[in-house]
Amino acid sequence: MISQIVAGTALAVFARTAENSAETYYNYTIFLTGLTGILAMIPALYFYRRDKVRRIAGGLIPAQKKVPLSISETVLLLLAGAGFAQYGNFLMAILQSFINSSTYQESMTRITEGKSLFMMIFWMGIVAPAAEEMIFRWLIYLRLRDWMKLPVAAVISGLIFGIYHGNMVQGIYASILGTAFAWILEMSGNIYSSMLLHMGANIWSLLISEYALDLYSMKYGVQILILIYLILLISVVYCLTHFEKMCSIRKKKRMI
């Protein structure tokens, strides 16, 4: 709802003040996405805290402080998120022969062309993932989890996350990652785990888009990419096994 209000207002303003309103809108899409995210965080955080009080009162989760993530776990989650994104890209490359993604690719090119990498990382790699995790994992997934088992709640929340993106290309990609993020959130028992995964995924996608051609043209560029893929694969596997062990130690008690 907030995104629709912001986008609709922006289009109306651009239509009245700019000669080429559509092009102007594309130029400001990244900023508008970030602004939407910041506005969405406020009610999302309010409803999450209200839900948490209810869960504690109902005995669904213990009334105790969560153990913060260590620096090594934070780095691990960022790398694992990048790994999920990379292997999601592999899947999408395979599906390209079945899905027409030209419209989506053209839109993304118009949105990101000429933009500062640091600006895109801030709005699309940090702000947007934080807002989306508050909505789709902290609220939608955890509310589903109150009534459903982990696999069902994770898949449903992942599908809703995919549908939210509004196109087939991002929909499949986001559904898979959303399901994985919900599972890791549950395994880790820390709400910030999915947020770090999401940030790692988005930042990695932005970096790959910016520098992939340079790597392929560099001497030993392919070898460097293979090394990066191996590091990401190891981080994904370690992240999954590490949090699986933590979950077993807690005897699958919810800590979120």
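Predicted model: local features only at pLDDT ≥ 70, side-chain atom pairs only at ≥ 80, totals over all residues.
View 1. Beyond its neighbours within four places in sequence, Tyr 173 touches Ala 85, Gly 88, Asn 89, Met 92 and Ser 205. Met 92 is 81 residues away along the chain, yet the two C-alpha atoms are separated by 7.1 Å.

**View 2. Helix α5 (residues 117-147) against helix α6 (residues 150-164).** Here the axes lie 9 Å apart at an angle of about 145°, and the crossing is right-handed. On the α5 side, the contact includes Phe 136, Ile 140 and Leu 144, and α6 contributes residues including Ala 153, Ile 156 and Ile 160. Sorted by type, the contact residues are eleven nonpolar, three charged and one polar. Look also for Arg 137, whose charged end sits over the ring of Phe 161, 4.5 Å from the ring centre.

**View 3. Two of the eight aromatic pairs.** Tyr 48 and Trp 138 have ring centres 5.0 Å apart and planes at 50°, so this pair is tilted. Tyr 48 belongs to helix α2 (residues 21-57) and Trp 138 to helix α5, 90 residues apart; both are buried. For Phe 84 and Phe 181, the centres are 6.5 Å apart and the planes stand at 75°, so the pair is edge-to-face. Phe 84 sits in helix α3 (residues 71-95) and Phe 181 in helix α7, so the pair ties together parts 97 residues apart in sequence. Phe 84 and Phe 181 are both buried.

**View 4. An aromatic cluster made of Phe 31, Phe 122 and Trp 123.**

Key:
Residues numbered from 1 in each chain as written. Heavy atoms only, no water. Axes fitted to C-alpha atoms, helices over the stretch in contact; angles between N-to-C directions. Helix = DSSP H or I, 4+ residues; strand = E, 2+ residues; numbered from the N terminus. Left-handed = near helix turned anticlockwise from the far one by under 90°. Contact = heavy atoms within 4.5 Å. Nonpolar A, V, L, I, M, F, W, Y, C, P; charged D, E, K, R; others polar. Phe/Tyr/Trp six-rings, centres within 6.5 Å; stacked < 30°, edge-to-face > 60°. Buried < 20%, exposed > 50% of the residue type's maximum accessible area, 1.4 Å probe, protein only. Lys NZ or Arg CZ within 6 Å of the ring centre and 35° of its normal.
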